[in-house]
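Here are a few notes to read alongside the model.

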Amino acid sequence: MIFNYNLFSHNFLQTGEELLTPTKIYTEAIKPLLHSNKIKAIAHITGGGLLENIPRVLPKHLAIHLNAAEMHIPPVFGWLASIGNITNQEMQRTYNCGIGLILIVPKSSANEVLELLKHKNDARLLGSVHARKEPEPQVVIDDVIFTQNLRNVQRNLLTPKRRVGVLISGTGTNLQALIDATQNSAYGVNAEIVLVISNKENVLGLKRAVDASIPHKVISHLNFKNTENPREAFDRAMTAELEAHNVDLICLAGFMRILSAEFVRRWNGNLVNIHPSLLPKYPGLHAQQQALDANPRDTHSGCTVHFVDEGVDTGAIIWQELVPILDNDTDDLLTQRIHKAEHYAYPKALRLLANERIHL
Ligand code: GRF
């Protein structure tokens with residue numbers, strides 16, 4: 001017992017915070033759906049966990065198959081399972097394992113419902129409902145995949161957090177999404193933002209860093225315009241600052257400067273960007289307008305989180321989110337909807353990277 005406690009102690013403080021977090025109430029999130037006739041059943045996963053709450057809303061002849069790989073199991077459950085030597089069955093019978101609410105909807109409405117919920121609420125398609133074959137239980141969760149998922153969470157508890165630097169030039173709404181995801185341990189992102197650099201003064205993104213008590217620095221590219229290689233000199237100043245803060249992963253979040261090849265090579269594999277199109281389509285500036293101008297028009301646009309290489313928006317893709325293009329869309333409207341998707345996609349991609357589920 002004590003042995004386990006020590007093993008996990010470096011991340012225990014954050015887990016302790018999690019234990020003090022009040023139950024999440026989902027009323028506001030699902031209000032827009034309540035009169036839509038699209039919801040067949042709702043299970044709030046409280047005491048009794050997944051195994052006892054879901055059957056309360058299912059007729060006996062049906063079973064639900066949950067995809068254990070899609071569960072974002074928060075660190076506190078990894079810690080509990082280990083310190084208490086708790087079996088998978090007992091975990092699933094006692095705790096929600098990160099799934100606060102289950103909505104059962106017709107297959108044909110799943111995408112529509114997801115569209116309404118996912119970008120704000122981390123909603124995901126978690127499984128499917130089947131005719132139950134006796135003596136199958138009413139909730140079926142693949143044991144091997146659940147164990148793997150739990151092991152990954154436990155490994156993260158023992159792995160130092162990735163130290164992230166975020167580069168911005170403006171509003172920083174993506175920075176905010178990354179701050180929210182890294183400061184709330186329920187997201188299970190094994191990373192912390194240790195530095196925000198802006199190349200512009202007085203931008204809103206800097207205030208977000210101040211409010212979150214994250215060290216920040218303005219390095220203006222204008223200060224380098226009279227040096228011999230201004231771009232490289234500016235980038236070197238950034239590298240020096242990032243190294244001084246022991247940053248090991250950089251997220252570009254609306255950083256409006258082209259980076260030198262030298263900088264890209266220095267951070268190769270640890271430098272990622274978010275772009276408002278489904279790359280490789282529409283790289284570069286005005287990606288949303290490029291999507292709207294395409295003839296014939298695409299049905300979907302979206303956003304891409306990708307590794308940065310020496311080309312413009314050409315690096316390997318980490319995660320993409322689709323956003324439908326509507327008939328009467330304008331640049332502004334599409335941009336707003338893509339922005340929402342970005343705030344979902346960037347934390348998701350950071351989670352994959354920081355939790356070592358993906359690398360270059
Ligand atoms: C985003 O649309 C992103 O795709 C692009 O720059 C914008 C930054 O927005 N690279 P914000 O500053 O994060 O609000």
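Predicted model: local features only at pLDDT ≥ 70, side-chain atom pairs only at ≥ 80, totals over all residues.

Where is proline 135 found?

1. Proline 135 sits in the loop between β4 (127-131) and β5 (139-141). The peptide bond that joins glutamate 134 to proline 135 is cis, with omega about 0°. A cis peptide bond also links asparagine 295 and proline 296, where omega is about 0°; proline 296 belongs to the loop between α13 (287-293) and β11.

2. Now for the sheet. Seven strands form an open sheet in the order β8-β7-β6-β9-β10-β11-β12, and the pairing is mixed. β8 (216-218) and β12 (317-324) are the edge strands; each has a single partner strand, so one side of each has no neighbour in the sheet. On average, neighbouring strands of this sheet are turned by 20° against each other, direction ignored.

3. Within that sheet, β6 (residues 162-168) pairs with β9 (residues 249-252) in the parallel sense, over four bridges. Valine 164 has leucine 249 of β9 as its bridge partner. Helix α10 (residues 204-211) packs on the sheet and touches β6, β7 (191-198) and β8, with its direction at about 155° to that of β8.

4. Helix α14 (residues 331-354) lies across β6, β7, β9, β10 (271-275), β11 (300-307) and β12, and runs at about 155° to β12.

5. What about α14 and its helix neighbour α9 (residues 173-183)? Their axes come within 9 Å and cross at roughly 45°, which makes α9 oblique to α14. The crossing is right-handed. On the α9 side the contact involves Thr173, Asn174, Ala177, Leu178, Ala181 and Thr182, and on the α14 side His339, Glu342, His343, Tyr346, Pro347 and Leu350. By type, the residues of this contact are six nonpolar, five polar and one charged.

6. Helix α5 (residues 75-83) deserves a look too: nine of its nine residues are buried, including Phe77, Trp79 and Leu80. Just after α5, asparagine 85 adopts a positive phi of about 50°.

7. Two further residues with positive phi are worth checking, and neither is a glycine. Serine 213, with phi of about 55°, is in the loop between α10 and β8 and is exposed, at a relative accessible area of 65%. Tyrosine 282, with phi of about 55°, lies in the loop between β10 and α13; with 15% relative accessibility, tyrosine 282 counts as buried.

Conventions: Residues numbered from 1 in each chain as written. Heavy atoms only, no water. Pairing = 2+ DSSP bridges. Helix = DSSP H or I, 4+ residues; strand = E, 2+ residues; numbered from the N terminus. Axes fitted to C-alpha atoms, helices over the stretch in contact; angles between N-to-C directions. Contact = heavy atoms within 4.5 Å. Parallel < 35°, antiparallel > 145°, perpendicular 65-115°, else oblique. Left-handed = near helix turned anticlockwise from the far one by under 90°. Nonpolar A, V, L, I, M, F, W, Y, C, P; charged D, E, K, R; others polar. Buried < 20%, exposed > 50% of the residue type's maximum accessible area, 1.4 Å probe, protein only.
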